[in-house]
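Biologist: I would like a close look at the aromatic rings here. Please take me through them slowly, and then show me what surrounds them.

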Amino acid sequence: MPPEQLSMYGYASKDEVIADAKRYWNPGKTAFWQEEGVPLVIGERAGYRLTDVDGHEVIDVHLNGGTYNLGHRNPELVDALVGAVQHVDIGNHHFPTPGRAALARALVEATPGADKAVFGSSGGEVVDVALKSARHATGRRKVVSVAKAYHGHTGLAVATGDTRFSRLFHADNPAEFTQVPFNDADAMTAALAGEDVAAVIMETVPATYGFPMPAPGYLAAVQRACRETGTLYIADEVQTGLGRTGELWGVYAEGVVPDILVTGKGLGGGLYPISAALLGPAASGWLDEDGFAHMATFGGAELGCAVAAKVLEITRREATRDTVRRRIGQFTAGLADLRAELPRALTGVRQKGLVIGLEFATTGAKPVMAELYRQGVWAIFSTLDPAVLQFKPGLLLAEDEADEILTRLRHAVRKAAGGV
């Protein structure tokens, strides 16, 4: 970031920004990143490149959880936003609009089993919508999620997640929110046996847990158990959806047609926050009963709808799908080579498409993350499994950039591993 861009906010240096962030914003998080060797204060950004205000450039493979699947400030998305703002603003959430109606139709038609779209501005918000919809539809209150889950930090969503987050705010409620181990179909079946559970909610691949892969047939078995007990299945595709697995939504490749699917993050292209709960017929009845039962001032904002419509169109292009297929093959081969070269350092690769978790059982992921940052790549460790590095290459990444990432990763793993 040029000095004049710092000065426009009243700062003379990066240190002053960090000091104010600690004092007025979030002291714990700000200090954490300084201590972990990732002192990032993002200035300029374009494509898959971020430049710190001190000039250090990194290739982004964190992507803010998939928010930047299509890159930072994607020109087509910028044009969609700028074009829209010539005519509309966020609009009024009470009334139909052409943009909102068109996006709802496009999302429903792209999502087998969906019937209605309810919009929000964050993933946690539409998880709350999904849970409320399931409770209304079933008349039940209980919700089952998986251990080490993460579905956001809003009121109901945080109760489905790991106790690290729910307990802090006294949101843990074992009588209504229970968890079972991931990939344990027997435990899930037992949890549903009382036929008193409104919904099971699961990420298709749990992101904050380090992307453990669903065992073959596991998600389909969970859905069968849901069907047998009158429980609704909620697929959380906030991080794994929108083309990242090689398909628009990853859950369908697992043989599951969910009752509800939630999406967010990348839906707004990193330019305007928008999210959606896509409700199937079993879950959408409340919209006919009382359309005012859930309201969100910024849900389905007209500017967000314009961006999201273009995100959906770009993501579904054959050219985009072909690029994703090529990058999947490139990273699959490159990571296999790296693991063969350094098997005691890189102990495992968890991969479904461009959803990738890299296991570093000996050193953990944090030293690799810090060294990778120094090498010019930004990827984040998994909060609920710090042995794993979340590794999420962009959908439009060019072949040479992918090679550059793999080269820098090799250097970082070698250096972080030391004598391992």
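Modeller: W33 has a relative accessibility of 19%. Buried means under 20%, so W33 counts as buried. Keep in mind that this is a predicted model.

Now look for ring partners. A pair of aromatic rings is described by the distance of the centres and the angle of the planes. Six aromatic pairs are counted in this model. In one of them, the ring centres of W33 and W378 are 5.5 Å apart, with the planes at 90°. Planes over 60 degrees apart count as edge-to-face, so that is the label for W33 and W378.

Where do the two rings sit? W33 belongs to helix α3, residues 27-35, and W378 to strand β13, residues 377-378. The pair therefore ties together parts that are 345 residues apart in sequence. W378 is buried as well, because its relative accessibility is 8%. F32, W33, W378 and F381 form one aromatic cluster.

A further pair brings in a phenylalanine and a tyrosine. The ring centres of F182 and Y218 lie 5.3 Å apart and the planes stand at 80°, so this pair is edge-to-face. F182 is in the loop between β6 (177-180) and α9 (185-192). Y218 is in helix α10, residues 218-229. The pair links distant parts of the chain, 36 residues apart. Both F182 and Y218 are buried.

F119 is found in strand β4, residues 116-120. F119 is buried, with a relative accessible area of 8%. Leaving out residues up to four places away in sequence, F119 touches several others, among them L103, L107, V126 and I274. Y48 is another matter. F119 and Y48 are 71 residues apart along the chain, and their C-alpha atoms are separated by 27 Å.

Finally, turn to a pair of helices. Helix α14 (residues 365-375) and helix α15 (residues 399-417) pack at an angle of about 130°, with axes 8 Å apart. That angle makes α14 oblique to α15. Their crossing is right-handed. On the α14 side, the contact is made by P367, V368, E371, L372 and Q375. On the α15 side, the residues include R408, L409, H411 and A412. By class, the contact of α14 with α15 has seven nonpolar, two polar and three charged residues.

Key:
Residues numbered from 1 in each chain as written. Predicted model: local features only at pLDDT ≥ 70, side-chain atom pairs only at ≥ 80, totals over all residues. Heavy atoms only, no water. Axes fitted to C-alpha atoms, helices over the stretch in contact; angles between N-to-C directions. Helix = DSSP H or I, 4+ residues; strand = E, 2+ residues; numbered from the N terminus. Parallel < 35°, antiparallel > 145°, perpendicular 65-115°, else oblique. Left-handed = near helix turned anticlockwise from the far one by under 90°. Contact = heavy atoms within 4.5 Å. Nonpolar A, V, L, I, M, F, W, Y, C, P; charged D, E, K, R; others polar. Buried < 20%, exposed > 50% of the residue type's maximum accessible area, 1.4 Å probe, protein only. Phe/Tyr/Trp six-rings, centres within 6.5 Å; stacked < 30°, edge-to-face > 60°.
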